[in-house]
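Welcome to a short tour of this model. Please have the sequence and the 3D view open side by side as you read.

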Amino acid sequence: MTFFKQAGAIFWKDVLTEFRTKDALTSMLLFGLLVILMFHFAFDQADSLQMDHYGPGLLWITFVFAGLLGMNRAFAGERENDSLQALKLAPLSWGAIYLGKMLANLVFMLVAESVILSCFAVFFDFDLLPRLGRMCGITLLGTLGFASIGTILAAISMNTRMSEVMLPLLLLPITLPLVIGAVNSTAAIFTDPPGEFLGFWVKFLVVFNIIFVTLPLLLFDYVLEE
Amino acid sequence: MAGAPVVRLEKVEKWFGRTSALRGVNLSIQPGEFVVFLGRNGAGKSTLLRVVARLVRPNSGYVEVCGVDVLRHPEAGREKLGFVAHSSYLYRNLTAFENLQFFARLYSLSDAEERINRGLRWVGLEKSAQRPIHGFSRGMQQRLSIARATLHDPEVLLLDEPFSGLDLEASELLREWLQSFVAHGKTVLMATHDLEQGLQGARRWAFVDQGKIAEELTGTDADIRDEYKKFLKEKRRDVL
């Protein structure tokens, strides 16, 4: 129970800090909206078949690259005044640091994605409402996996030279299966009725999340170890 | 006869790649001692404190704090420790109160609010409690850092170059606080390269060089000053 309370304290601290600075959210939102706007002009809006085909990919590319900006900020607050050392000095399992920060990153990404998704629906004349429940579920699954891998890799790359370049180099290849799963699940709900492979891809995302949320919890002590 | 040591290190070795930071360090510190580690930059003083706090895992050896094997049970060991460094380890966008409240939650303190208010009063920041600390001077941040490090009433306080960047008044206050900490039977371990800062209040000194405790001394300020100067001169001669 103490573990979750300590993770909750770290989550609270990150959310409060973000609420005051708006560093991660502003960069994710602005970037996401600009990308959606560019795609809007790059693709033919009249062709709905083209939208069914490319839409899920465009949406997840936007989510992933906006999320990368957020992940780059994940440990920025801990570098100022070297405060990560104070977290490491507290009598807690360092897995609680991971969990608290991962949940904060997840919330920031979901907030940004909800705005990006709404803009996507407006710009691409996409009827989101009938699919909203399924879309939220898939977005949550895809983002959870991305936030969990992103948080541990942000911690690994934090002390490397050119960490802002290192993070995407590590994160994008590892999250590729997750993105494939998320794009295919989204593609299945873009069609009416939903595609026959929806169940398979959702199960794939669930299994991926179980593995990649649990592993960093177990490995985070070694990541922070000097 | 001496009682059980509050900090004990046996044959502690630490390597960073091919560089040896600590080479077979043995140390035993009794409760209520104020020990200062003196040495040049890169001598291994900070690594020694970080090993005691288990921020750094030694390659070999044994480290015990208040009877707890910190290599096996780092969380239980850290509960007994407070750490003040040159950096404040605080969050600049949180207020002084929120910073302490956050650390109180990490330490699962039941009477958090009372301790926070007492801590803020103790370091003279009760009037600035609701201000974000990015507006604080270096001295104010260091005072809050002491309140953070002592919030959970640790048995051992570790200080790594705590005086650097502090003005005269803030240094005096820090010295007074350290004295009162020791007067309450707590233990202080401080690493510094500044002999004058290291002389005041301490009762035992250890000269650290190339990852080893080269000399341990007790005595008057004048003795230590002479010995340390002699020690540095010898080291300079070794280098030449």
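Where in chain A does D125(A) lie? Before the answer, please keep in mind that this is a predicted model. D125(A) sits in the loop that runs between α6 and α7 (132-157) of chain A.

**Two residues with positive phi**

As background, most residues other than glycine have a negative phi. N81(A) is another non-glycine residue with a positive value, its phi being near 60°. Its place is the loop between α4 (76-79) and α5 (84-89) of chain A.

Are these residues buried or exposed? N81(A) is buried, because 20 other C-beta atoms fall within 10 Å, and 20 or more is what burial requires. D125(A), by contrast, counts as exposed, because it has 10 C-beta neighbours inside 10 Å, and the limit for exposure is 12 or fewer. Here are the two residues side by side:

| Residue | Phi | C-beta atoms within 10 Å |
|---|---|---|
| N81(A) | near 60° | 20 other C-beta atoms, buried |

**A helix crossing in chain A**

Packed helix pairs are described by the angle between their axes and the distance between the axes. How do helix α6 (residues 94-123) and helix α9 (residues 198-224) of chain A cross? Their axes come within 7 Å, at an angle of roughly 115°. That angle makes α6(A) roughly perpendicular to α9(A), because 65 to 115 degrees is the range for that description. The crossing of α6(A) past α9(A) is right-handed.

Which residues make the contact? From α6(A) come W94(A), G95(A), I97(A), Y98(A) and L99(A), while α9(A) supplies P216(A), L217(A), F220(A), D221(A) and L224(A). Sorted by class, the contact holds eight nonpolar residues, one polar and one charged.

**Chain B as a whole**

Let us now turn to chain B, which has eight helices and ten strands. Its radius of gyration is 18 Å, close to the 18 Å from the globule rule for 240 residues, so chain B is as compact as a globular protein of that length. The C-alpha trace of chain B spans about 55 × 40 × 40 Å along its principal axes. Of the 240 residues in chain B, 44% count as buried. Taking the contacts in chain B between residues at least 6 apart in sequence, 69% join residues at least 24 apart.

Technical notes:
Residues are numbered from 1 along each chain as its sequence is written. Chains are lettered from A and ligands numbered from 1 in the order in which they are written. This is a predicted model: local features need pLDDT of at least 70, side-chain atom pairs count only at pLDDT 80 or more; totals for chains, interfaces and linings use all residues. Axes are lines fitted to C-alpha atoms, for helices over the stretch in contact, and angles run from 0 to 180 degrees between N-to-C directions. Helices (H or I, at least four residues) and strands (E, at least two) are DSSP runs, numbered from the N terminus. Angles under 35 degrees count as roughly parallel, over 145 as roughly antiparallel, 65 to 115 as roughly perpendicular and the rest as oblique. A crossing is left-handed if the near helix is turned anticlockwise from the far one by less than a right angle, and right-handed if clockwise. Two residues are in contact if their C-beta atoms, placed from the backbone, lie within 7 Å. Ala, Val, Leu, Ile, Met, Phe, Trp, Tyr, Cys and Pro count as nonpolar, Asp, Glu, Lys and Arg as charged, and the others, Gly among them, as polar. The radius of gyration is taken over C-alpha atoms; the globule rule is 2.2 Å times the number of residues to the power 0.38.
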